[in-house]
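Subject: The structure you asked about

Hi,

Here is the structure I promised to send over. Have a look at it first, and then read on for my notes.

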Amino acid sequence: MGEFDDGEYAGINEVTSPRENNARKVSVLPLLFLIFYQVSGGPFGVEDTVRAAGPLLALLGFLVFPFIWSVPEALITAEMGTMFPENGGYVVWVSSALGPYWGFQQGWMKWLSGVIDNALYPVLFLDYLKSAIPALGGGLPRVLAVLALTVVLTYMNYRGLTIVGWVAVSLGILSILPFVVMGLISIPKLRPSRWYVVDVQSVDWNLYLNTLFWNLNYWDSISTLAGEVHNPKKTLPKALFYAVILVVLSYFFPLLIGTGAVPLERDLWADGYFSDIAKILGGVWLRVWIQGAAAVSNMGMFVAEMSSDSFQLLGMAERGLLPEFFSKRSRYGTPLFGILFSASGVILLSWLSFQEIVAAENFLYCFGMILEFIAFVLLRIKYPHAPRPFKIPGGTVGAILLCIPPTILICVVLALSSFKVMVVSLATVAIGLVMQPCLKLIENKRWLKFSVSSDLPDDITTHEPLLR
């Protein structure tokens, strides 16, 4: 995935804070599954690709799309995450390249898209259970179930990132195992001719691309907690490499089973359809197992995404972009106020439908990724000698070429957005443009305290002579 430099960071403050001495850092395996859950969590939610485009394009999408989007994003995350091994991730990258104003805009858009993303998981969880428990389909029982899920999973984040990481490992194994069993059961029923069904005339390109995009993005989310990773310059690239392989396999093979072993009825391919396929292939017991796997998968995605969102707010506060109280940690080392703000956003947004959430989230995410690509290229140009323990080969020209395919894809996703989603998303972007000057006014008036943490590594934009 690139080039490793085993040398130490040049120009980085090596003084270790008391918190770093006491904190338990995240190792490769938990980090791998945290990435897996921030990006994927298994095949739950990919069903709409078959409904939108049929089996062939759905299968091709999860083979080709990773090379256009996932691999470039993972490579950029590996390079930038090792260049800036601190909490805040992409906010720090953009701030260093474009200044704190645009760093704040990046943080606002990516945090909001992350919270919107997290609002999906209680929805998906209940969509898988409502066939077995019809009361969860709507009304007061559904509202109470969303609230209960949010509280329990938020408390898990509060207890610590190391716990979340090993919980992610356990949940990941539980999520994948029933699909291995379903694959073995399906072998006698597979009909390869079903995989080649395609009708280009009837493709819903908006639904197809949005679903692919949602299921294969968020590789950069892990960067927001890079400060909690053990030896990030080696651990982060390695975990990202294995996560790309795991994510692609976790999507492709269940789709291969589902489309090849069951006669095609495109209209049935919607959220929760894998549990129906399991019943057709193996009976009620397999259906219940898949529903249980969906439940634990959504639990894993929720805790992983909330970890990323909350540590992002903590990283922004440590950089002075948010009030100091966002940098306060609980006795478990977790960002208390970041968790509370992220959980509140999830509860407020969880009433939206799956398709509405995906479309709005993708729109905001696209804007954030454009800023990331610009920052990545600018930092290559402005600070060519900055320490990059992991570096993508190809120089500045290679960096630009790497960003072209995903940028084209972003333009297509934005162009296919509905007018309603576009208006709402642009309105939220406008809020961020105004919010940052308001926070600066609050800081100048000293209504709230802002400060820059003394534990941060040296900023390459202010210590450039140390890099040469």
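Below is what I found, topic by topic.

Please keep in mind that this is a predicted model.

**Salt bridges**

The count comes to 10 salt bridges, and a few of them are worth a look on your screen. Start with glutamate 79, whose side chain meets that of arginine 380 in a salt bridge (2.8 Å, N to O). This pair links distant parts of the chain, with arginine 380 in helix H14 (residues 354-382) and glutamate 79 in helix H4 (residues 55-83), 301 residues apart. Glutamate 79 counts as buried, at 0% relative accessibility, and arginine 380 is buried too, at 5%.

Glutamate 79 also forms a salt bridge with arginine 388, and here the closest N and O atoms are 3.1 Å apart. Arginine 388 sits in the loop between H14 and strand S2 (390-391) while glutamate 79 is in helix H4, so this pair ties together parts that are 309 residues apart in sequence. The relative accessible area of arginine 388 is 6%, which makes this residue buried. Through shared partners, salt bridges join Glu79, Arg380 and Arg388 into one network.

In general, an α-helix has 3.6 residues a turn, so residues three or four places apart point the same way. Aspartate 48 is buried, with a relative accessible area of 0%, whereas arginine 51 counts as partly exposed at 27%.

**Aspartate 220 and helix H9**

Aspartate 220 lies in the loop between helix H9 (205-215) and helix H10 (232-261). Is this residue buried or exposed? Aspartate 220 is buried, with a relative accessible area of 0%. Its side chain is joined to that of tyrosine 365 by a polar contact of 2.9 Å. Leaving out residues up to four places away in sequence, aspartate 220 touches Glu73, Thr77, Tyr90, Trp93, Lys110, Tyr365, Met369 and Glu372.

Helix H9 itself is largely enclosed by the rest of the structure, because 9 of its 11 residues are buried. The buried residues of H9 are Leu207, Tyr208, Leu209, Asn210, Thr211, Leu212, Phe213, Trp214 and Asn215.

Methionine 156 lies in helix H7 (residues 139-158). Methionine 156 and valine 303 are 147 residues apart in sequence, yet their C-alpha atoms are 7.3 Å apart in space. Not counting residues up to four places away in sequence, methionine 156 touches Val164, Val167 and Val303.

Threonine 154 has its place in helix H7 as well, and at 11% relative accessibility it counts as buried. With the residues up to four places away in sequence set aside, threonine 154 touches Phe302, Met306, Ile339 and Ala343.

**Cysteines**

How many disulfides are there? The count comes to 0. As a reminder, a disulfide is a covalent bond between the sulfur atoms of two cysteines. Take cysteine 366: the closest cysteine sulfur is in cysteine 411, and at 8.7 Å it is too far for a bond. Cysteine 366 is buried, with a relative accessible area of 0%. Cysteine 438, on the other hand, is partly exposed, with a relative accessible area of 41%.

**A nonpolar patch on the surface**

Last, turn to the outside of the model. Val198, Val200, Trp205, Val397, Ile400, Leu401, Ile404, Ile408, Val412 and Leu416 form a nonpolar patch on the surface, and together they have about 860 Å² of accessible area. Which helix gives the most to the nonpolar patch? Helix H15 (residues 395-415) does, with 6 residues. Valine 397 lies in helix H15 and is exposed, with a relative accessible area of 58%.

Best wishes

Definitions and conventions: Residues are numbered from 1 along each chain as its sequence is written. This is a predicted model: local features need pLDDT of at least 70, side-chain atom pairs count only at pLDDT 80 or more; totals for chains, interfaces and linings use all residues. Side-chain values use heavy atoms; hydrogens and water are left out. Helices (H or I, at least four residues) and strands (E, at least two) are DSSP runs, numbered from the N terminus. Buried means under 20% relative accessible area, exposed over 50%, partly exposed in between (1.4 Å probe, protein chains only). A polar contact is a pair of N or O atoms within 3.5 Å; within protein, one must be able to donate a hydrogen and the other to accept it, and residues adjacent in sequence count only if both atoms are side-chain atoms. Contact means heavy atoms within 4.5 Å. Patches are made of residues with over 30% relative accessible area and no salt bridge: like charges are joined within 9 Å, nonpolar side chains (Val, Leu, Ile, Met, Phe, Trp, Tyr) within 5 Å. Accessible areas come from the Shrake-Rupley method with a 1.4 Å probe; for residues, only the protein chains shown count as cover. A salt bridge is a side-chain nitrogen of Lys or Arg within 4 Å of a carboxyl oxygen of Asp or Glu. A disulfide is a pair of cysteine sulfur atoms within 2.5 Å.
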